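Subject: A structure for you to look at

Hello,

Here is the structure I promised to pass on to you. Have a look at it first, and then read my notes below with the picture open beside you.

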Amino acid sequence: MTLTEDKILELLKEVKDPEIPVISLVDLGVITGIEIENDHVTVNMTPTFIGCPAMDYMKQDVVDVLNKNGIDNHTVNLNLKTTWSSDLISDEGKRALKKFGLAPPPVHNNVIEDLDIIEHAECPNCDSTNTTLKSPFGPTLCRSLHHCNSCGEAFESFKPI
Amino acid sequence: MTEEALKDLLYKIADDLLILGHRNSEWTGVGPLLEEDIAFSSMAQDKVGQSLAFYNLLHELGEQDPDTVAFTRNADQFHNSQFVELPIGEYDFSLIRHFLFDHADYIRFSMLADCPIEELAQVARKLKGEIKYHVMHANTWIKQLATANEEAHDRLQKSLDEALPYALGVFEPSKFEKEIIDAGVYPGEKAIEEQWKENIAIVLEQAGLKLPDWNTIKPVYGGRDGKHTEHLQPLVEEMSEVFRVDPSADW
């Protein structure tokens, strides 16, 4: 088997975020680079939030998937060379978040001046933007809490960062 | 710049984050409303995680591993400012401290993001984005509560007046100040302090809270040199209790 970057990325689509098990690390933008030199595969990863307790699990899951597919000559690095941004989440990833009931983060291009950016997050249940931010901090570091004034549901949003 | 100077800088940043993170966690389960309980718990988790990033940098410079550094020192070996070790008090004090401290750390990490030491700059760039949420959270609540009713306003004003001498202690210059500035690591504590005064004044004015004449306030220094209030040692003992009972504990 000839290893290519695309082939590795395809394999890694299997690795999901342990706290949001519908989105792969590839779609989440956490996999920042793959290098193949001779038979050696290097996978670079970057944390979403530096205090995220799921990062060590994610790294181990990447190692496990590589091993399972017979790629045992590898190095998996978790570092900050690339700073993670919610803008790195793919369109497929955003669709998966919405289906899961999490409002996907708005594209921000590194301009987050105040909480207005998440004041009226789009409700993942009814698509209304007549919503209210309840708190910028939710059940995990990457989520905020909202209430939809249209359908009356409480919902969470993946924070733009 | 000597390695000693760099370690001094990393220790004070890390210790501030660890100790304030621990203080924030004391709101878990007892916050004034559920959203604030969660917010302070989240910020606690952020800050403890952020301190780990700095203890890791120190470990790479030859210091002991992060758990040993965090859990085996006594109070007089910590370099945090006294501000972060003060008890959580009433919610108004914790909110004011969160506001004053996070505004300072946001400026600190914005400056360090341009630092020529790439490993440090990478961490700073990462933290900048996270701490922005802490700052936005503090601004929202300060403005909302200070303009809510007289009692809320007066409580915040009183806490602000009590907190300011300690908050200025965050900017205690280190003995390596000149060396660090000359090396271009960041523009130094004085520069953070000046920018901080401008930034907090904008929000406090919107909130209708008064800042006294800065010349009348005497900063509480000493924390960076290991001089602490009586509140730090009990905190350190509580924080390290599990580690001391079983250093290999895992969960």
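Let's begin with one pair of residues: Ser135(A) stands opposite Leu145(A), which lies in strand β8(A). Please keep in mind as you read that this is a predicted model.

That pair belongs to a contact between two strands. β7(A) and β8(A), the latter covering residues 143-148, pair in the antiparallel sense over 4 bridges. In general, strands of a sheet pair through backbone hydrogen bonds, either parallel or antiparallel.

Now widen the view. The two strands are part of an open sheet of 4 strands in chain A, ordered β6-β9-β8-β7, and its pairing is mixed.

Chain A as a whole has 5 helices and 9 strands. If you trace chain A from the N terminus, its elements come in the order α-β-β-α-β-β-α-β-α-β-α-β-β-β. Its C-alpha atoms fill a box of roughly 55 × 25 × 25 Å along the principal axes.

- Strands β1 (residues 16-17) and β2 (residues 20-24) of chain A pair in the antiparallel sense over 2 bridges. They form a hairpin, with 2 residues between β1(A) and β2(A). Within this pair, Asp17(A) is opposite Ile20(A) of β2(A).
- Strands β4 (residues 40-45) and β5 (residues 74-78) of chain A pair in the parallel sense over 5 bridges. Here Val41(A) stands opposite His74(A) in β5(A). Together with helix α3 (residues 55-68) of chain A, β4(A) and β5(A) make a right-handed β-α-β unit.

Next, turn to charges. Which residues form a negative surface patch? They are Glu5(A), Asp6(A), Glu10(A), Glu35(A) and Glu37(A). The elements giving two or more residues to this patch are α1 (5-12) and β3 (31-37) of chain A. α1(A) gives the most, with 3 residues, while Glu35(A) has its place in strand β3 of chain A.

Lys7(B) and Glu3(B) are separated by about one helical turn, because they are 4 residues apart in helix α1 (residues 3-25) of chain B.

Enjoy exploring, and write back with any questions.

Best wishes

Technical notes:
Residues are numbered from 1 along each chain as its sequence is written. Chains are lettered from A and ligands numbered from 1 in the order in which they are written. This is a predicted model: local features need pLDDT of at least 70, side-chain atom pairs count only at pLDDT 80 or more; totals for chains, interfaces and linings use all residues. Side-chain values use heavy atoms; hydrogens and water are left out. Two strands pair if DSSP finds at least two bridges between them. A crossover is right-handed if, with the strands pointing away from the viewer, the path from the first strand over the helix to the second runs clockwise. Patches are made of residues with over 30% relative accessible area and no salt bridge: like charges are joined within 9 Å, nonpolar side chains (Val, Leu, Ile, Met, Phe, Trp, Tyr) within 5 Å. Accessible areas come from the Shrake-Rupley method with a 1.4 Å probe; for residues, only the protein chains shown count as cover. A salt bridge is a side-chain nitrogen of Lys or Arg within 4 Å of a carboxyl oxygen of Asp or Glu. Lys and Arg count as positive and Asp and Glu as negative; His and the chain ends are not counted. The place of a charge is taken as NZ of Lys, CZ of Arg, CG of Asp or CD of Glu.
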